[in-house]
Amino acid sequence: MKETRKRLKPSLVFVIALVVLSLIAALIWPVVNRWQHTKAEEAGGTVRIGARQAPASLDIRTETSKAVSQALLGNVYQTVVSLDEHGKVTPGLATSWEHSSDGLTYTFQLRSGETFEDGSPVDSSAVLWSMQQVIENKYPGYETFDNLAKVTNPSGSELVIDLKSPDSRLPYQLATRLGIVYNRGAKVDYSRQSAGSGPYVVDSFKPGEELVLSKSKSYQGPHKAKSAKIIFSYADQSKDQVQQVASGKLDLAVDLSAQEAVAAKGIGSGFTLSTGLSDENLVLAINNSQSAITSDDRFRQAIRYGIDRQAIANSAEGTAKALTGPLNELSVGYDANYAPFQYDVNKASSLASYFNPSFYGGHLRLVYEDSLGQAIGDEIRDQLGKANIPVEVTMLNHDDFQDRVVNKHDYELTLLTMSNADVDQFANPSSTMLFDDPECQQLFRMVTGAKSDDDFAAQLKQYAQTISEKCASAWLTQKTPINASSSKVKGFVDNMSDSYLPAWNLTAN
């Protein structure tokens, strides 16, 4: 019996020790687990962004809203080349490119080693296939590729684009959604999921409420995600989003409405307001058809002199600035010293006096989409009224606006939001403005035929100033997005925050 007790004693000690260790492990494991989870979150981090406009769909191929490009362009979907916050072309999937001396052939060298979410290669064949899809499926903007003569891929890292006629805008076009490279083998619901090659993937999407992006495990490019998750929270008219930044519920609130920007001034501390520049311009477009009274250049001059652009910008509560011509500061053709047709109600009235209102039905018809609101129409009516140019304001829903203004051209004045790239519409006699001027069309051909970046900028500047001097329309304001951020946020760029937000560079630790 003594020998037996001696043999059992070590076993008993072992069992007791095992039980004690198990109890200790059970007690401390939740603490350790929480610590490890917290450390993992700290290592990756989450950035919460409040955005005003919510995408109805994530299908960037067909969804044209700025909300979808704001969240996905560059973050989830890469483009052949990119634009920086100053509107200049920079490398994207293509690390370099060059064009032939006649401007008809562009050769792009692509970065190797890139893959889509499913591991398939992002190479020249993927780029070629993606461009074909734009044309064959007539994705928005597909007409831009009408000038393509041939696209080939001599190797996996080289893409060659031959054009029917020179067009120096091609790199800029390939920095937009037209230059997105899609996964040929993807079997996903693009409206709710993603199949891109960027630094993030779509984690979850609740339409109108929230979009969550998670760091990609396959991305090998230069824009590696600095945060593990990016969460876009959407609220109508940015309601209470600045307050949420101040209280720590959000890290950023971007592209605030004018009302939210005003309200933010009374909230106090806990955030910083900053202002950027957008590519979006508000234009008082003029009907230039021969049957319209506004086809007379003196009348168009009267309209331009009668518009107080600074007053319109002031009414936007910091979300817009007066525009001096067809291009804003994010265009290489912009000239800061060019500011024609400064507000002069006397000049406007003198020029308008050549035309009795009975010649044009007693008033000009300002017809625009109701999404722009009543205030801007009333402001223009009142300003031109002071110059003895009577105006009747009509707002329409989107479909009726498209039918009456865009299709039938049944208006004298309308309001359009136009990007710098849309300046090409004034070289197209079939555009909404019906501006048909051979000199301007020739100048635009010189823009597209530019042989160098400097030549492109110079020709674009001349073209823009010529259509301005001919009063093809009246350019009002440039959008200036206002953003609110917490002191923790690093890597945020104010410019273009309404349409392009490089979330891969953000941290909020």
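Where is T324 found? T324 sits in the loop between strand 14 (320-322) and helix 9. I will come back to that residue after some housekeeping.

This is a predicted model, in which local features need pLDDT of at least 70, side-chain atom pairs count only at pLDDT 80 or more, and totals for chains, interfaces and linings use all residues. Residues are numbered from 1 along each chain as its sequence is written, and side-chain values use heavy atoms, with hydrogens and water left out. Helices (H or I, at least four residues) and strands (E, at least two) are DSSP runs, numbered from the N terminus.

Back to T324. Its side chain reaches the backbone oxygen of Y338 at 3.0 Å. That is a polar contact, meaning a pair of N or O atoms within 3.5 Å; within protein, one must be able to donate a hydrogen and the other to accept it, and residues adjacent in sequence count only if both atoms are side-chain atoms. Setting aside neighbours within four places in sequence, T324 is in contact (heavy atoms within 4.5 Å) with R304, R309, Y334, Y338, A339 and P340.

Next, the helix at the end of that loop. The axes of helix 7 (residues 297-305) and helix 9 (residues 345-352) come within 8 Å and cross at roughly 155 degrees. That makes helix 7 roughly antiparallel to helix 9. Here angles under 35 degrees count as roughly parallel, over 145 as roughly antiparallel, 65 to 115 as roughly perpendicular and the rest as oblique. Axes are lines fitted to C-alpha atoms, for helices over the stretch in contact, and angles run from 0 to 180 degrees between N-to-C directions.

From helix 7, R298, Q301, A302 and Y305 meet V345, K347, A348, L351 and A352 of helix 9. The residues of this contact divide into 6 nonpolar, 1 polar and 2 charged. For that division, Ala, Val, Leu, Ile, Met, Phe, Trp, Tyr, Cys and Pro count as nonpolar, Asp, Glu, Lys and Arg as charged, and the others, Gly among them, as polar.

In strand 7, F108 has L159 as its bridge partner, and Q109 has E158.

The other open sheet has 7 strands in the order 8-9-10-1-11-19-12, with mixed pairing. Strand 8 (200-206) and strand 12 (272-275) are its edges. Strand 8 pairs with strand 9 (residues 210-215) in the antiparallel sense over 6 bridges, F205 having L211 as bridge partner.

Last, helix 11 (residues 398-407). At its start, a side-chain oxygen of N397 reaches to within 3.3 Å of the backbone nitrogen of D399. Helix 11 is followed by H409, with a positive phi near 55 degrees.

Notes. Two strands pair if DSSP finds at least two bridges between them.
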